[in-house]
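I opened the model and kept notes as I went. The entries follow in the order of looking.

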Amino acid sequence: MKAIIYTRVSTAEQGKSGLGLQSQLDSVNEFCLKENIEVIGCYQESESGKGFDAIEKRPQLAKALAQAKKEGASLVVARLDRLSRNVAFISSLMEMKVSFIVAQLGKDADPFMLHLYAALSEKEREMISTRTKAALAVLKAKGVVLGNQTNLDEARLLSNATNKEQASKFADVVLPTVLQFRNQGDTLPVIADKLNNMGVKTRRGGKWYASTVTNILKRA
């Protein structure tokens, strides 16, 4: 069996950092090696996966599908949401007569299972959106200034702060964003990954971990 690997992150900043893309690639390569699948191509993209017509905004996916069809290969992704969380979009891919494999689900996952997972994924996205809006409304009512790009840029400038006063200023800038993620149900490791993906450095200019997120939350 031949395979074309497709990896995707949702923002250009994540694409520049390489975070997420490399993790997906490693996961799919390991899967293909285990299943004795020959990898003959690899495409990556930093684009949103929203909408049933998302393929029009994702040229690398279009190229991956074209090569897969030409070579009689399967398109392989790490997780189904790397293709889309939209059921209609997943269905349209199936109608293109190009087989695709989700490493997370295994190579024997049938169309019914893929439709089911797509439906669950779409519902999860709706629930996340609802929880996020509710959390933001609560924070706004409390007078919290939510994290935005301006705040995060300020956090980057304060990344190398060494004294307590600067450390406090840094925490004040980052804390609203951390609270926003925390209130929408993200775990500490997930929050750390999101901050890293956004290009935000810790106070000392390093990567975020669950422990460093905890230190920021202690200031709440």
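**Entry 1: a residue in a helix.** I began with the contacts of Gln24, taking contact as heavy atoms within 4.5 Å. Beyond its neighbours within four places in sequence, Gln24 touches Thr7, Arg8, Val9, Ala78 and Arg82. I placed Gln24 in helix α2, residues 21-34. Helices here are DSSP runs of H or I with at least four residues, strands are E runs of at least two, and both are numbered from the N terminus. Is Gln24 buried or exposed? Gln24 counts as buried because its relative accessibility is 5%. Buried means under 20% relative accessible area, exposed over 50%, and partly exposed in between, with a 1.4 Å probe and protein chains only.

**Entry 2: ground rules.** I noted that the model is predicted, that local features need pLDDT of at least 70 and side-chain atom pairs pLDDT 80 or more, while totals for chains, interfaces and linings use all residues. Residues are numbered from 1 along each chain as its sequence is written, and side-chain values use heavy atoms, without hydrogens and water.

**Entry 3: the whole chain.** I found 9 helices and 4 strands in the protein. From the N terminus, their order is β-α-α-β-α-β-α-β-α-α-α-α-α. Of the 220 residues, 40% count as buried. I also looked at contacts with a separation of 6 or more: 67% of them join residues 24 or more positions apart. The accessible surface comes to about 12,200 Å², and 53% of it belongs to carbon and sulfur atoms. That area comes from the Shrake-Rupley method with a 1.4 Å probe.

**Entry 4: the sheet.** I traced an open sheet of 4 strands, ordered β2-β1-β3-β4, with parallel pairing. Strands pair if DSSP finds at least two bridges between them. Which strands are at the edges? They are β2 and β4 (100-102), each pairing on one side only. Neighbouring strands are turned by 25° against each other on average, direction ignored. Next I checked how α2 sits: α2 packs on the sheet and touches β1, β2, β3 and β4. The direction of α2 makes about 160° with that of β1. Axes are lines fitted to C-alpha atoms, for helices over the stretch in contact, and angles run from 0 to 180 degrees between N-to-C directions. The parallel pair β1 and β3 has 3 bridges. Ile5 has Val76 in β3 as its bridge partner.

**Entry 5: helix α3.** I listed Leu61, Ala64, Leu65, Gln67 and Ala68 as buried in α3. Down the axis of α3, the buried residues fall within an arc of 165°, so they line one face. The arc uses directions from the helix axis to the C-beta atoms. These buried residues pack against β1 (2-9), β2 (38-46), β3 (74-77) and α4 (87-95). Exposed Lys69 and Lys70 are on the face turned away from the buried side. Just after α3, Gly72 has a positive phi of about 65°.

**Entry 6: after α8.** I listed the buried residues of α8: Ile191, Ala192, Leu195, Asn196 and Asn197. Just after α8, Gly199 takes a positive phi of about 85°. Val200 is in the loop between α8 (188-197) and α9 (210-217). Val200 counts as buried because its relative accessibility is 1%. Val174 is 26 residues from Val200 along the chain, and their C-alpha atoms are 8.9 Å apart.
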